[in-house]
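Here is my note on the model you sent. Please read it with the structure open, and check each point as you go.

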Amino acid sequence: MKKYNLIIVTALFVTSSFLACTKADYNDTVTKGDPPPVPGGFVNSSEVAASSLLAYWNFDDSKAETKSKKTPLVDSNSSFVAGLKGRALQLNKGYLLYPTIDALNSTNALASCSVSLWIKVVNNGSTFSEFFTLARDTTKENDWLNILNVGVETGHAAGDANMDLHTWIGTYPAGTRNGADNINDYGAVAVDYQTVPNSGNWIHYVMRYDASTENIDLYANSIRVSNNNFRHRGGFGPIVSPTPTQVVLGGFSNTSTHFPLSSTLGFHGLLNGAMDELRVYSKALTDVEISALYQLEKQGR
């Protein structure tokens, strides 16, 4: 009898632990200084995949990309606010356009890649909210879809309970773009995808593309939320980037952000929201690394 009781208790513990680990936390509570409740042994967020970090913006009262020291060529309607970790960038229907960042400017730099950042935005009923764009430079880019586009479908009604994370990736092996995307929408909730609340709280958003599996995944607060039916892109292969490239924060590559060859479409809004701790990696982060970034940055580390 005692043996069976032990099995039942153990099963209940394992089940409850699994459920606790797979349910995203969407509040803004920050507990600083506690050991991260994730494997990996990381103490600070800077330790996570450090050798694969290509670009990093901490927005601690600076708009410079910290590794290259590059500052914006164009700075429109930006300011600083309190972030999850130090200060954060606030855009009020604004954007930042950067010069070429060398680490993001080679053909195979992003063969597999991840983008990690904290976002604070709500549905606005009319326009998309683009947070990070990596495009061909302003003299060559003629489209709003590029190498990387990381954003949120905030065109849904302001009163909607949820919002949709949406990322596009592009590869140019023959010079023209071949694209793929994923989103947390379409199909059955909790089967095909997971919801993300339209709460206005800080959310940790990670885009991951793994060339070895040809899977594109989106994470919110360390939980994979993107659509299972769209994740595998057979035949896509490693991302091949055209050069030279430029980064836009807060907008698509279009006439509104100094890309004269690319039209601004009706749903192309400039960002009205905040971002913090933006990192671009030359690898597909593991689930452990994504969880570590979420836990450590939320604790201010």
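1. Confidence comes first. The mean pLDDT of this predicted protein model is 90, and 87% of its residues reach 70 or more. (pLDDT is the predictor's confidence in each residue, from 0 to 100.) Residues 1-21 fall below 50, and beyond near neighbours in sequence this stretch has one contact in the model. Contact here means heavy atoms within 4.5 Å.

2. Ground rules. Residues are numbered from 1 along each chain as its sequence is written, and side-chain values use heavy atoms, with hydrogens and water left out. As this is a predicted model, local features need pLDDT of at least 70 and side-chain atom pairs count only at pLDDT 80 or more, while totals for chains, interfaces and linings use all residues.

3. The cores. The largest nonpolar core has 47 residues. Such a core is a set of buried Ala, Val, Leu, Ile, Met, Phe, Trp, Tyr and Cys residues joined through side-chain atoms within 4.5 Å. Buried means under 20% relative accessible area, exposed over 50%, and partly exposed in between (1.4 Å probe, protein chains only). Trp57, Phe132, Leu148, Leu249 and Met275 have the most contacts inside this core. Apart from it lies another core, of 13 residues, among them Val48, Tyr219, Ile290 and Leu296.

4. Look closely at Met275. Leaving aside residues up to four places away in sequence, Met275 touches several residues, including Phe59, Leu117, Trp118, Phe131, Trp202 and Leu249.

5. A salt bridge is a side-chain nitrogen of Lys or Arg within 4 Å of a carboxyl oxygen of Asp or Glu.) Glu214 sits in the loop between strand 10 (203-210) and strand 11 (215-220). Helices (H or I, at least four residues) and strands (E, at least two) are DSSP runs, numbered from the N terminus. The Glu214 side chain reaches backbone nitrogens instead: that of Gly235 at 2.9 Å, and that of Phe236 at 3.1 Å.

6. Not counting residues up to four places away in sequence, Asn215 touches Arg208, Tyr209, Asp210, Arg231 and His232.

7. Salt bridges. The structure holds 12 of them. One joins the side chains of Glu277 and Lys85 (3.9 Å, N to O). Glu277 lies in strand 14 (residues 271-281) and Lys85 in the loop between strand 2 (74-82) and strand 3 (87-97), so the pair ties together parts 192 residues apart in sequence. Both Glu277 and Lys85 are buried.

8. Arg279 and Glu297 meet in a salt bridge through their side chains (2.8 Å, N to O). Arg279 lies in strand 14 and Glu297 in helix 2 (residues 287-298), so this pair ties together parts 18 residues apart in sequence. Arg279 counts as buried at 2% relative accessibility, and Glu297 is buried at 0%.

9. Finally, Glu289 and Lys283. Their salt bridge has its closest N and O atoms 3.0 Å apart. Glu289 counts as buried, at 10% relative accessibility, whereas Lys283 is partly exposed at 22%. Elsewhere, salt bridges that share partners join Arg208, Asp217, Arg224, Arg231 and Asp287 into one network.

Notes. Polar contact = N/O pair within 3.5 Å; in protein donor to acceptor, adjacent residues only side chain to side chain.
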